[in-house]
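Q: Could you walk me through this structure? I have not looked at it before.

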Amino acid sequence: MTESTPFQRAQAAMDAAHAEDPKREATEGAGERPAELLYAQRMSEWLARVAPHASEPLQLAVRAQHLRRWEVPRGDYPQDRPGYLAWRRDLGRRQAALAETIVREAGYDEAAVQHVGALIRKENLKRDADTQALEDTACLVFMAHYFSDFAREHDDDKLVRIVAKTWRKMSPRGHELASALTLPEREREIVARALSA
């Protein structure tokens, strides 16, 4: 039997946590899957396009982006912008701490552990290439897989503001990949409006 590597152990532990997500999402050809496991797999697939030579800490941070997210419901926070920002901040800190524990227990040194945590907390966005790659990946996964469902719940003006904000967070490489997405007509028009605003 081949001995597993720290990367394999860390990713397997993350995926085991993702698989506990009680929410299920239907997929084409694969039936229903735990929603956060599916999200993590999509993140890894998109990272391979954003940064084909991504380091192991970046690959693990991307895989852990929503680690046990369902345990901190959005409804536990005020339903306004400050409440949303507090929820996102607390989630990031919690997910980073959980991922750091997994990566440490898998056998990585402390420098790698700290790097994974910093990436998940999105430290040095726009200044650190790995953090930017993670942000690009998250934005692309949202646009490719979740934007249409999200759009059904919100009016066009709000969506234009969200897409414009998302676009500002992305790098030129992220813009290139996002521009190549095949989106439904309404979503295409929203993106066009956001980019012309």
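**A first walk through the model**

A: In helix H3, the buried residues are Pro 57, Leu 58, Leu 60, Ala 61, Val 62 and Arg 63. Buried stands for under 20% relative accessible area, exposed for over 50%, and partly exposed for what lies in between, with a 1.4 Å probe and protein chains only. Helices (H or I, at least four residues) and strands (E, at least two) are DSSP runs, numbered from the N terminus.

Q: What kind of model is this, and how are residues numbered?

A: The model is predicted, so local features need pLDDT of at least 70 and side-chain atom pairs count only at pLDDT 80 or more, while totals for chains, interfaces and linings use all residues. Residues are numbered from 1 along each chain as its sequence is written, and side-chain values use heavy atoms, with hydrogens and water left out.

Q: Back to H3: is it mostly covered or mostly open?

A: H3 is mostly covered, with six of its eight residues buried.

Q: Which elements do those buried residues pack against?

A: The buried residues of H3 pack against H1, H2, H4, helix H5 (110–120) and H6. Contact here means heavy atoms within 4.5 Å.

Q: And Asp 15, buried or exposed?

A: Asp 15 counts as buried because its relative accessibility is 16%. Asp 15 is found in helix H1 (residues 6–18), and it touches Leu 37 and Arg 63, not counting residues up to four places away in sequence.

Q: Where does Asp 76 lie?

A: Asp 76 lies in the loop between helix H3 (56–63) and helix H4 (81–106). Asp 76 counts as exposed, because its relative accessibility is 58%. Between Asp 76 and Trp 87 there are 8.3 Å in space, C-alpha to C-alpha, and the two are 11 residues apart in sequence.

Q: Changing topic, what volume does the largest pocket have?

A: The volume of the largest pocket is about 2200 Å³. On a 1 Å grid over the protein atoms alone, a pocket is an open set of points with protein on both sides within 12 Å along at least five of seven lines, and lining residues have an atom within 4 Å of a point. Grid points are joined across faces, edges and corners, and a volume is the space filled by probe spheres set on the points.

Q: Which residues lie nearest its centre?

A: Of the 46 residues lining the largest pocket, Arg 69, Tyr 84, Trp 87, Arg 88 and Phe 150 lie nearest its centre. The largest share of the lining, 10 residues, comes from H4.

Q: How many salt bridges are there?

A: The count comes to 15 salt bridges, each being a side-chain nitrogen of Lys or Arg within 4 Å of a carboxyl oxygen of Asp or Glu. Side chains of opposite charge can pair when their charged atoms come close.

Q: Which residues are linked in a network?

A: Glu 20, Arg 68, Glu 71 and Arg 94 are linked in a network of salt bridges. For the bridge of Arg 68 with Glu 71, the closest N and O atoms are 2.9 Å apart. Arg 68 counts as buried at 17% relative accessibility, whereas Glu 71 counts as partly exposed at 34%.

Q: What about Arg 173 and Glu 176?

A: Arg 173 forms a salt bridge with Glu 176, with the closest N and O atoms 3.0 Å apart. The two are separated by about one helical turn, because they are three residues apart in helix H8 (residues 172–179).

How values were computed. On a 1 Å grid over the protein atoms alone, a cavity is a set of points where a 1.4 Å probe fits but cannot get out, and a pocket is an open set with protein on both sides within 12 Å along at least five of seven lines; lining residues have an atom within 4 Å of a point.
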